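Please walk through this protein one site at a time.

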Amino acid sequence: MKTLAYQIVVEAVSEMCISACHELPSDVLAALERALTQETGEVARDVLERLIENARVASDQQIPLCQDTGLTVVFLELGTEVRVTPPTGRPEATILDAIQDGVRQGYGEGFLRMSVVGDPLHERINTQTNTPAVVHTSLVPGETIKLSIMAKGGGCENKSQFRMFLPTSPAEDVMAWIAQVAQQAGANACPPLVVGVGLGGNFEVSCRLSKQALLRRLDESHSDPYYARMEAGLLERINQCGVGPQGLGGRTTALGVMIETAPCHIASLPVAVNIECHSHRHKTVELS
């Protein structure tokens with residue numbers, strides 16, 4: 001059994017929170033630059049140029065890419081042969097506490113906007129720490145901890161949708177609905193969008209898969225040729241809708257579509273679409 005100090009996890013999460021909000025991933029920046037070469041409209045090209053410049057300034061000056069620095073979503077893959085040792089005076093603390101401490105530290109030290117309210121409906125008082133973060137945990141073999149974080153803005157998250165299809169529904173109906181969700185997101189989701197799709201599982205699994213899909217690189221297609229073709233077809237269809245960069249028209253409504261799947265009940269076909277904006281902020285680190 002390997003042990004890892006609690007503070008190592010805290011520092012890793014803190015650094016990822018700050019860097020994710022300041023630095024656009026290379027594949028996302030490359031997708032924006034590629035879109036610029038394909039756009040013909042003057043307004044669409046101007047918007048893309050501004051988004052690319054915004055990413056450069058944010059990285060150079062270490063300031064947030066967007067004022068909405070998001071709700072932190074964490075995907076934790078915890079090796080079964082590794083244990084995080086609790087800090088002195090907190091024998092009950094676990095790796096989940098370390099993740100929350102890391103988010104709290106990162107958003108404080110990075111002067112990032114706190115966007116979490118403790119009660120969703122009644123009082124809606126800001127927690128002032130951007131915690132609690134949402135943490136999805138998986139146990140995997142080995143002595144490694146893999147942490148992926150996503151700073152999920154409210155505007156794009158609000159345009160995400162779920163639908164339970166009949167199991168007899170043809171693929172065309174599913175694809176038409178996914179494209180419709182992206183089109184309806186419109187300017188409110190700050191396009192060009194990144195579209196995550198979860199197919200299968202059940203109600204909650206399909207939604208988790210749709211968000212997990214967003215962790216894939218934009219230049220990577222699905223390993224199954226069937227779903228790779230579906231991703232490409234959806235991207236083409238969404239980009240034909242004309243919403244364009246920032247909703248001002250053009251050929252680039254989305255930068256990518258990523259699909260993740262899971263087995264499901266014979267009577268079900270759950271489908272979830274998670275919308276991400278052009279400021280697609282995520283980071284991954286492995287601790288060993």
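The model is predicted, so local features need pLDDT of at least 70, side-chain atom pairs count only at pLDDT 80 or more, and totals for chains, interfaces and linings use all residues. Residues are numbered from 1 along each chain as its sequence is written, and side-chain values use heavy atoms, with hydrogens and water left out.

Helix packing comes first. Two packed helices are described by the angle between their axes and the distance between the axes. Axes here are lines fitted to C-alpha atoms, for helices over the stretch in contact, and angles run from 0 to 180 degrees between N-to-C directions. Helices (H or I, at least four residues) and strands (E, at least two) are DSSP runs, numbered from the N terminus.

Take helix H1 (residues 6–22) and helix H4 (residues 95–109). Their axes cross at roughly 40° and come within 7 Å. H1 and H4 are therefore oblique to each other. Angles under 35 degrees count as roughly parallel, over 145 as roughly antiparallel, 65 to 115 as roughly perpendicular and the rest as oblique. The H1 and H4 crossing is right-handed. That term applies if the near helix is turned clockwise from the far one by less than a right angle; anticlockwise gives left-handed. On the H1 side, the contact includes Val10, Ser14, Cys17, Ile18 and Cys21. On the H4 side, Ile99, Val103, Gly106 and Tyr107 are among the residues involved. Contact means heavy atoms within 4.5 Å. The residues of this contact divide into 12 nonpolar, five polar and four charged. In this scheme Ala, Val, Leu, Ile, Met, Phe, Trp, Tyr, Cys and Pro are nonpolar, Asp, Glu, Lys and Arg are charged, and the others, Gly among them, are polar.

Now move to helix H6 (residues 171–185) and helix H8 (residues 225–239). They pack at about 45°, with axes 10 Å apart. H6 and H8 are therefore oblique as well. Their crossing is right-handed. H6 contributes residues including Val174, Met175, Ile178 and Ala182, which meet a set in H8 that includes Tyr226, Met230, Leu234 and Ile238. The H6 and H8 contact has 11 nonpolar residues, one polar and two charged.

Next, some single residues. Where is Thr72 found? Thr72 is in strand S2 (residues 71–79). Thr72 is buried, at 1% relative accessible area. Buried means under 20%, exposed over 50%, and partly exposed in between (1.4 Å probe, protein chains only). The side chains of Thr72 and Tyr107 are joined by a polar contact of 3.2 Å. Such a contact is a pair of N or O atoms within 3.5 Å; within protein, one must be able to donate a hydrogen and the other to accept it, and residues adjacent in sequence count only if both atoms are side-chain atoms. Leaving aside neighbours within four places in sequence, Thr72 also contacts Cys17, Val103 and Asn130, among others.

Asn274 sits in strand S9 (residues 269–276). Asn274 is buried, at 4% relative accessible area. Its side chain makes a polar contact of 3.2 Å with the side chain of Glu157. Not counting residues up to four places away in sequence, Asn274 touches Lys152, Ser160, Val194 and Lys211, among others.

Leu65 is in the loop between H3 and S2. At 9% relative accessibility, Leu65 counts as buried. Leu65 and Ile18 are 47 residues apart in sequence and 11 Å apart in space, C-alpha to C-alpha.

Finally, the backbone. Most residues other than glycine have a negative phi, and most peptide bonds are trans. Asn130 has a positive phi of about 60° although it is not a glycine. Asn130 lies in the loop between H4 and S4. Buried or exposed? Asn130 is buried, at 0% relative accessible area. Gln62 also has a positive phi, near 55°. Gln62 is in the loop between helix H3 (42–61) and S2. At 37% relative accessibility, Gln62 counts as partly exposed.

A cis peptide bond joins Thr131 and Pro132, with omega about 5°. Pro132 is in the loop between H4 and strand S4 (134–140). Another cis bond joins Pro191 and Pro192, with omega about 15°. Pro192 lies in the loop between H6 and strand S7 (193–201).
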